[in-house]
Amino acid sequence: MKDNTESKGMLENTNKGNENVLVEVRDLRKSFDNHEVLCGISTKITKGEVLAIIGPSGCGKSTFLRSINLLEEPTSGQIIFEGTDITQNGVDVNQIRQKIGMVFQQFNLFANKTVKENIMLAPVKLGRMTKQEAEKKAMELLERIGLPQKADAYPAMLSGGQKQRIAIARSLAMNPDVMLFDEPTSALDPEMVGEVLNLMRQLAAEGMTMIVVTHEMGFAREVANRVMFFHDGVIQEENKPEEFFGNPKNSRLKEFLAGVLA
Amino acid sequence: MKKQRLLLFMMLCFLLFGLCSCSKKSEGEKMRVEGIDDLPGTKIGVQIGTTGDTYAQDYEGDEEGTVLEKYNKGADAIQALKQDKIDCVIIDQEPAKAFVEKNKELMILSEEFVTENYAVCVAKENTELKEKINGALAQLEEDGTLDNIRKNYTGTDEEKGKFPYKKQDVKRSNGTIIMATNASFKPYEYYENNEIVGFDVDMMQAVCDRLGMKLKIQDMEFDAIISAVQSGKADVGAAGMTVNEDRLKSIGFTDSYTTSKQVIIVRNPEVTAQKLSLSENIKENFITDGRWKYLAKGLVNTLIITIFAIMIGIVFGFLIAIVRTSHDKNGNFRILNGLCKIYLTVIRGTPVMVQILIIYYVIFAAVDINKILVAILAFGLNSAAYVAEIVRSGIMAVDEGQFEAGRSLGLTYPMTMTNIILPQAVKNILPALGNEFINLLKETSISGYIGLADLTRGGVIIQSLTYEAFLPLIAVALIYLAIVMALTAGVNKLERSLRTNER
């Protein structure tokens, strides 16, 4: 479904050159009132990479994710997306956001629109596609996620898993260069987690660059190229999944893993 | 539908019950007034702002416990007298005759209270117009025109109606005189076939004919006439107005054009009220002289005011709400937001009644502006404040995630607002909006205070013609009820059609 160039081999891509860096974060800080939630985060995400971020609640991992498309405005630091520092004044944030898909924990499908309209809205309103093109695209995406029969349903009539798959399709309709997932399965009933994770697995296999905040350790271990552990607004440890889960070094990470894997 | 039928049924029961209870009124031991000497200790009714009011004030609060009841119209006082709420009414002789003629159970005491002169009031500084009118009055007195008008309205039974004044065919190039009056003061000014006629109207028409000017008549409350003339809303006041010292302080008067007497009306102990059957009553109140037209015209005005005020309310209300929420979310529009807050505070902090008076008498004091426009503006701007807060609460009630989802796709703030947030907000606030518009409709009933003939005033005019409160007011109430029910049904239908996206 991605028609641009970066759908090549992407499973081993942690040490790519600079030209492949899609997002670079430099010393990102964010405070709410006097409480600092992000205390200087720096990292690079390369094209095709799947980055999983784990950590206890309140550690700042969601704030970090939401900073990347500026839903949270950073207090200081830089975010360089495709060569542009998007934290600067004068940057067209809406233009940037069109290239950064986002999937929310609570799905956030537009309640007043049908499934098809949810998918078509942004491409049409932003002049990316005509109505006919958008409708065709929407139906393709719905076929792909196996929900074409729900095209004219309203979100309130769908299960959580269906909603989240449609939310992913809605993001894909914009052909984003990177997708942010903010705990995409945390609000789902257990039997629906699988369908959403499967779709994400497919996306990863097709070469989509993904940053996933998650509690699904299995998914992180199996799909991610790199796993990051957040605590107290700092990256405590990051590594390839085998090392990260097999041989954790940070004491807090050990504690955390012992807790969640027990 | 069942609910509506039940309501209608209840209204009918209420109506019948009211009719029964009206006719069963017991004759309580009331004070009998047979002369001026009997006045102390009684309940005296007067029309507010008249000279009868001024004279009767001398009795108020004396050791006998005299009570003064002031009514907006003479007809209201007469009605109160008929219902035993007061013991007598002090009022000008000619209207008194008209009242007694229509109400056989009342009579005028032969002892006259006071004799006085009627004159036209003119703004103090407008001496030019005053001199012109004085000149015309002198001519009319000389050639007998004024005498004929007097005979036609206040003469003996043989003379009455025999000397109608005919509007002359003259060139009217010298401008317009706007005459303020209170058309419930027969025979000086009253409604006949939906037109204001009477002694003062003929007299002023004769004056205008002499001066080569056009005459325009505005009906308003009696106690509003002087302020209307002062503020320039009207050029003259002609309403059977007596010259007295209090009035001379604030307004100028022309020479007197006729004399009148203040008399006392009491219940006639020999005659009991004749009762009309319900059908006769309905005929008298609505069919005779096409009186239903007062209601019909009033209804049209009420609907025009309500519909356009709702539109203003919606447009401005949404704009204000969007400015306010956008400020809260993004910090935009700092100055505009401040202005909106002041607007909301002022509009919601003062009665709409005062607002409409201010718009009419203060803001548009010097302009001859259509009253319906004033009412639309006043009620529209008032409603906008309430709509704004309703819409704002609706926007705030939409889940923040909806907003974030829109923005995360790259949609702009206005796109997110119009495509996602507002449609959901509107659905949530529809009941509250419907409520606001029902309130607005009912509030328009105060339009009568700027002399606008709305539905309520239509009923009141009929009441002043027939001395019957029950049927005209119940009719007015039923019409309001019907509109509100229609409005509610419309809102409910809209609500249902917007609810499709819920389970």
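Me: What is a cavity, and how many cavities of 30 Å³ or more does the count come to?
Reply: On a 1 Å grid over the protein atoms alone, a cavity is a set of points where a 1.4 Å probe fits but cannot get out, and its lining residues have an atom within 4 Å of a point. Grid points are joined across faces, edges and corners, and a volume is the space filled by probe spheres set on the points. In this predicted model, the count by that rule comes to two cavities of 30 Å³ or more. Local features here need pLDDT of at least 70 and side-chain atom pairs count only at pLDDT 80 or more, while totals for chains, interfaces and linings use all residues. Residues are numbered from 1 along each chain as its sequence is written, chains are lettered from A and ligands numbered from 1 in the order in which they are written, and side-chain values use heavy atoms, with hydrogens and water left out.

Me: Which residues line the largest cavity?
Reply: The largest cavity, with a volume of about 70 Å³, has a lining that includes Lys73(B), Asp219(B), Glu221(B) and Arg457(B). Helices are DSSP runs of H or I with at least four residues, strands are runs of E with at least two, and both are numbered from the N terminus. Helix α17 (residues 455-466) of chain B gives the most to this lining, with four residues.

Me: How much space lies in the second largest cavity?
Reply: The second largest cavity holds about 40 Å³ of space, and among the residues that line it are Thr50(B), Asp92(B), Phe185(B) and Gln262(B).

Me: What is the order of the strands in the open sheet of chain A?
Reply: Two strands pair if DSSP finds at least two bridges between them. The open sheet of six strands in chain A has the order β6-β7-β8-β3-β9-β10, with mixed pairing. Strands β6 (100-103) and β10 (234-239) of chain A stand at the edges, each with a single partner strand, so one side of each has no neighbour in the sheet. Within the sheet, β7 (residues 178-182) and β8 (residues 209-213) of chain A run parallel and are joined by five bridges, and Leu180(A) has Ile211(A) as its bridge partner in β8(A).

Me: Where is pLDDT under 50 in chain B?
Reply: pLDDT is the predictor's confidence in each residue, from 0 to 100. Chain B has a mean pLDDT of 87, with 95% of its residues reaching 70 or more, but pLDDT stays under 50 over residues 23-29 of chain B. Where pLDDT is low, the predicted coordinates should not be read in detail.

Notes. On a 1 Å grid over the protein atoms alone, a cavity is a set of points where a 1.4 Å probe fits but cannot get out, and a pocket is an open set with protein on both sides within 12 Å along at least five of seven lines; lining residues have an atom within 4 Å of a point. Contact means heavy atoms within 4.5 Å.
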